[in-house]
Amino acid sequence: MITAEDKFRNYLKMKGLKFTPERKMILKTVLSLHTHFDVDQLYERLRKENSDISRATIYRTFPLLIDSGIMKETLLCRDKTKYEHIFGHKHHDHIICLKCGRVIEFRDEEIERLQKAVCKKYGFKPVEHKLGIRGYCRECQSKMGE
Ligand SMILES: [Zn+2]
Ligand SMILES: [Zn+2]
Ligand SMILES: [Zn+2]
């Protein structure tokens, strides 16, 4: 079984880039987060781990992690781009609360099937899709009603 680290290292090698300690630390931290996070949250986590990696380094490393298939951009949530690691995870879609920022993951086979059917109709070969539904969660709806 290939690990995320192997995958990232191979990708960097292919690109002629080095697997630097900073890149290794960012990879490790991204894999340790099992939620959807933004750059600031990752930065805070790195600070907690006593790392002095800058936001600029994080911004430069993210495209590499995305391109290598370790991580992806999930969606925009309250004006912040959210990411999550996808290595070892099955495809899923998202429901996002505009008020509290909660993100719910779901996978619906019927929706997946319908998207494939649409592609087929247009002779299109799908590679990926991002489905996000924005709105208000139950708690926020009840607070709004008060
Ligand atoms: Zn989907
Ligand atoms: Zn909410
Ligand atoms: Zn997710």
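Student: Is His94 buried or exposed?

Tutor: His94 counts as buried because its relative accessibility is 3%. Buried means under 20% relative accessible area, exposed over 50%, and partly exposed in between, with a 1.4 Å probe and protein chains only.

Student: Before we go on, what am I looking at?

Tutor: This is a predicted model, where local features need pLDDT of at least 70, side-chain atom pairs count only at pLDDT 80 or more, and totals for chains, interfaces and linings use all residues. Residues are numbered from 1 along each chain as its sequence is written, chains are lettered from A and ligands numbered from 1 in the order in which they are written, and side-chain values use heavy atoms, with hydrogens and water left out.

Student: What pLDDT does the protein chain average?

Tutor: The average is 93, and 99% of the residues score at least 70. pLDDT is the predictor's confidence in each residue, from 0 to 100.

Student: Back to the metal. Which protein donors does the zinc ion (ligand 3) have?

Tutor: They are His36 (NE2), Glu84 (OE), Glu84 (OE), His92 (NE2), His94 (NE2) and Glu105 (OE), lying 2.0 to 2.6 Å from the zinc ion. Donors are N, O and S atoms within 2.8 Å of the metal (3.2 Å for Na, K and Ca); water is not among the atoms, so sites may look incomplete.

Student: And how are they spaced along the chain?

Tutor: The spacing reads H-x47-E-x7-H-x1-H-x10-E. One pair links distant parts of the chain: His94 sits in strand β3 and Glu105 in strand β4 (residues 103-106), 11 residues apart. Strands (E, at least two residues) and helices (H or I, at least four) are DSSP runs, numbered from the N terminus.

Student: How exposed is Glu105?

Tutor: Glu105 is partly exposed, because its relative accessible area is 42%.

Student: Okay, His92 next. Where does His92 lie?

Tutor: In the loop between β2 (80-85) and β3 (93-97). His92 counts as buried because its relative accessibility is 14%.

Student: What does its side chain make a polar contact with?

Tutor: The side chain of Glu105, at 2.8 Å. The His92 side chain also reaches the backbone oxygen of Lys90 at 3.3 Å. A polar contact is a pair of N or O atoms within 3.5 Å; within protein, one must be able to donate a hydrogen and the other to accept it, and residues adjacent in sequence count only if both atoms are side-chain atoms.
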